[in-house]
Amino acid sequence: MPLFPRRTAAVALSALALCAGLTAPPANAVVGGSPAAPPPWLAAIGTPAFLIRPSGQFCGGALVAPDKVVTAAHCVNFLRQVPGLLSAVFGRADLTKKDGESVQVKKIWVNPGFHETSFQGETVEHDDVALLTLTRPVSRLPVPLIGSYGAYPPGAEARVLGWGTTSERDLFNARLREATVPIVSDTRCASAYGHAFDAKGMVCAGSPQADTCQFDSGGPLILQGRLAGLTSWAYGCARPGYPGVYTRLSAYTLPR
């Protein structure tokens, strides 16, 4: 078992949740990656109240319209009633710095089907997609979405980015990193995760050499230049036989 499950560190966020009278969300960094410059559309999602992490970051997200950021539902579901506590920070490679652009969130939409089950002690996220509406538009180029007929060919190279940990027990990375991960077939993913894997809304990617991990949840899986998935869950980080599981964005229609 990793120190935290691959989500938004439920243990670490419990204090914040208690202060707000809410239920904490789940946590997931890039294992085997290298330092990266943030694309204009990449957002660090967090709140100043989350003092455990620099910049209050606990998830990632992607700008898909001038005032819309897509992220994982499990990252923000616990703050649906108080969206103003959340902010999206663009253009910040190092979370310990103050550069970039920070924009407050005014509305949180969570997919109505979002729910959680479990697999060998890890939380499994179903229909794990949410959309944040910002208090103002930002002058940044959004990332294109994969579209409803997007394909996820096994073996294809995808790109992942995040500020998360570089191993299951690394709690201190605050630098944006990226890695290339292979798309894993639905058959192989189902063999690893059994009934916990739902190919209708999930897709697997990663290997023991490259994967996402703690505090990467909600971050992008980029395939052929398009946003194809969101970091969602897995059994540990970069464990042999257990690839990362991502929200299959081609299966969902986001509200306008």
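A residue is called buried when its relative accessible area is under 20%, exposed when it is over 50%, and partly exposed in between, as found with a 1.4 Å probe on protein chains only. By that scale Leu95 is buried, with a relative accessible area of 3%. The model is predicted, so local features need pLDDT of at least 70 and side-chain atom pairs count only at pLDDT 80 or more, while totals for chains, interfaces and linings use all residues. Residues are numbered from 1 along each chain as its sequence is written, and side-chain values use heavy atoms, with hydrogens and water left out.

**Nonpolar core**
- A nonpolar core is a set of buried Ala, Val, Leu, Ile, Met, Phe, Trp, Tyr and Cys residues joined through side-chain atoms within 4.5 Å; the largest one here has 48 residues, and those with the most contacts inside it are Ile45, Val70, Val76, Leu86, Phe90 and Leu134.
- At least two residues of this core come from each of β3, β4, β5 (68–71), α2 (73–76), β6 (87–90), β7 (101–110), β10 (130–134) and β15 (226–233), where helices (H or I, at least four residues) and strands (E, at least two) are DSSP runs numbered from the N terminus.
- Strand β4 gives the largest share of this core, with five residues.

**Aromatic rings and charges**
- Nine aromatic pairs are present in the structure; rings of Phe, Tyr and Trp (its six-membered ring) pair if their centres lie within 6.5 Å, and planes under 30 degrees apart count as stacked, over 60 as edge-to-face and the rest as tilted.
- The pair of Phe50 and Phe58 is edge-to-face, because the ring centres are 5.7 Å apart and the planes stand at 75 degrees; Phe50 is buried at 2% relative accessible area, and Phe58 is buried as well, at 0%.
- A cluster linked by ring pairs takes in Phe119, Tyr193, Trp233, Tyr235 and Tyr242.
- The ring of Tyr235 also has the charged end of Arg239 over it, 4.6 Å from the ring centre, where a charge sits over a ring if NZ of Lys or CZ of Arg is within 6 Å of the ring centre and within 35 degrees of the ring normal.
- The charged end of Arg248 sits over the ring of Tyr152, at 4.9 Å from its centre.

**Positive phi angles**
- Ser55, a residue other than glycine, has a positive phi near 65 degrees; Ser55 lies in the loop between β3 (42–46) and β4 (57–65) and is partly exposed, at 29% relative accessibility.
- Gln120 is not a glycine either, yet its phi is positive at about 50 degrees; Gln120 is placed in the loop between β8 (115–119) and β9 (122–126), and its relative accessible area of 47% makes it partly exposed.

- Leu95, in the loop between β6 and β7, is 68 residues from Trp163 in sequence and 7.9 Å from it in space, C-alpha to C-alpha.
- Ile222, in strand β14 (residues 220–223), is buried at 8% relative accessibility, and its C-alpha lies 5.4 Å from that of Ala158, which is 64 residues away in sequence.
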